[in-house]
Amino acid sequence: MSTFRHQHKSNNGSNSHTSQSSDSGGPHKPQPPLQFPQCRRRRVTLLCVFVSMSTVFVLIQFASQHSIARKQTRKQQQREEPIFPGHSVHTGERSMRLRRETLLGSSSSSLPSSKFTNASIPKHHTVFSTSCAPQQHWESMVFFYHAYKVGQPGTVTRITSGCSDKEQKEQQTFFDNYIKPMRPNDFFIHFTPDYSRIQKSDGAPYKYMNKPYGLRHWMEDYLKLPQSSAAIDDDIVVLMDPDMILLRPLTFDFSDVENQLFVEDEPRTRMVRHGFPISQQDGYLNNEWMRLDGQHILGKDHANATVPKPHEGPRHWNTGPPYLATARDMYQIAVKWTEFAPRVVQIHPHLFSEMYGFIYATLQLQLPFTLLRSIVVSVTTTRTREGWALVDGLNDEEVQDVCRATPPPGTKIPMVLHYCERYMYGPMFFSKYRLKKNIMNCEKGLLQPPSKQFVGQFNYTVSPPRADLKDNYRPDPQPITSNRTAKREAFMLCGLTRSINEALIHHKHAACPGNSANLEMTYTVFNDPSNY
């Protein structure tokens, strides 16, 4: 409780009086020491004491009223103020507030709506494509939360494809209640048909076809392209994946050379502009796309395309998400992407077919990308294609800090965690496919965090039991042969556990009435391997 403190400074300067004789002519005896203004004359001593005591009494009354007022204000805020903008606070939620502040730190209750207020910054549109699957439901919530937390500029949209009428209604209700209130003017959900019905050569659907077609649907339906091109052309479109977590804002400007690792020593550009898109150099892709039948993929456009030389692939064409381009360039890519991707699937019915289609679209449009390594980390075994050099430069204590809190601005770490792999280190394991599909439910626990001395302590990994529990599980530790890989696995586990728990706590605070939210950090796929 706040305490009112009144500070009194004695005045030993010109306001003090010199000793004089009394009216009777006798010497004036000094008064006993009091914590009041000193009185030098006997007749005024009692008056001074009375005035001083009255002053102290008034100050005590003021302090008491001040303290009572502060208590009343605090109680009123607890009853009425939302902890997050746009979220109502359930009755009896005081204890949850305290638990949340203990888990995340009290400062996390005041998160920015956007850190970018400079009118000269072009408008940004961050989009990511999902299906209606339960797994991508919690992934989307985590994505939105961290876009909110870091203040990602502009709009953020989940492009959701293939929902039934019932699913679409449920998704819209969830979004309206728990996502949109974070940033009511900036966060959106956009529904499209199911484009995964486009089949591979064996007749099976190719689910990742939602990405190119969903992007084009959104650009034509929401941005009103190409009709509105004059008003939209200069905007920036950032295309990401739902299994990505922003650690800091991702914008068109990569001129911060201290924190960026470009593929080329002298990149074509450090800022996205017309004709100069930027993306992450993908950690998986090689030049396999160059060995496909380009004439079949490009069709009539084949004559206008120049196939790059092999050494140019990793420099400008082997792109991966996030992709950043002006709206004009991204729309041109989307149109060609939806044309070429199905043709790639016909002759290459495997993973990454839609990414090869994206590359062929940029090739036909002669839009080479400026590639960076430092936007994301995902594949811990890659040598140079991702931002791992920034992580490798951290000591064990700095990696451990990532377990505890979001690194402060200026920390040299990648911008995005892309959790598309499984991560294992010592007794910990993470895979997005193994997390419970209903992990957002109020009764489900939070992820068990790493121990306080986690990084640098283990030289083995352990796989968890199967989700269906069909095997007779026995732990089988496997050695980690590289200290570098061990540090990278620990970094991902620290960052993912903390980031997902933060988003879950935020959501449960808004969605779970009273004290019904389970905020115990005890859940692991070892002690609870089922998917529900």
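Q: Contact means heavy atoms within 4.5 Å of each other. Across which strands does helix H13 lie?
A: In this predicted model, H13 (residues 483-511) lies across E5, E9 and E10. Its direction is at about 100° to that of E10, on a scale that runs from 0 to 180 degrees between N-to-C directions.

Q: What makes E9 and E10 partners in the sheet?
A: Pairing requires at least two bridges between two strands. Two bridges join E9 to E10 (residues 416-418), so the pair meets that cut-off. The two strands run parallel, and Val376 has Val416 in E10 as its bridge partner.

Q: Why are E5 and E9 said to stand at the edges?
A: The three strands of this open sheet come in the order E5-E10-E9, with mixed pairing. E5 (244-246) and E9 (376-377) each have a single partner strand, so one side of each lacks a neighbour in the sheet.

Q: What is the order of strands in the open sheet of seven, and what is its pairing?
A: The order is E3-E2-E1-E4-E7-E6-E8, and the pairing is mixed. E3 (187-192) and E8 (370-372) are at the edges because each has a single partner strand. From one strand to the next, the twist averages 25°.

Q: How do you know that E2 and E3 pair, and in which sense?
A: At least two bridges are needed, and E2 (residues 155-161) and E3 have six, in the parallel sense.

Q: Why does the span of H9 agree with what it should be?
A: H9 (residues 327-347) has 21 residues, and at 1.5 Å a residue these should span 30 Å. The end C-alpha atoms are 30 Å apart, so the two values agree.

Q: What is the volume of the second largest pocket, and which residues are closest to its centre?
A: The volume is about 730 Å³. Of the 27 lining residues, Tyr208, Asp241, Asp243, Lys432 and Tyr433 are the closest to the centre.

Q: Which elements each supply at least two residues of that lining?
A: They are strand E1 (124-130) and helices H3 (134-150), H5 (210-221) and H10 (353-364). H3 gives the most, with three residues.

Note on methods
Residues are numbered from 1 along each chain as its sequence is written. This is a predicted model: local features need pLDDT of at least 70, side-chain atom pairs count only at pLDDT 80 or more; totals for chains, interfaces and linings use all residues. Side-chain values use heavy atoms; hydrogens and water are left out. Helices (H or I, at least four residues) and strands (E, at least two) are DSSP runs, numbered from the N terminus. The expected span of a helix is 1.5 Å times one less than its number of residues. On a 1 Å grid over the protein atoms alone, a cavity is a set of points where a 1.4 Å probe fits but cannot get out, and a pocket is an open set with protein on both sides within 12 Å along at least five of seven lines; lining residues have an atom within 4 Å of a point. Grid points are joined across faces, edges and corners, and a volume is the space filled by probe spheres set on the points.
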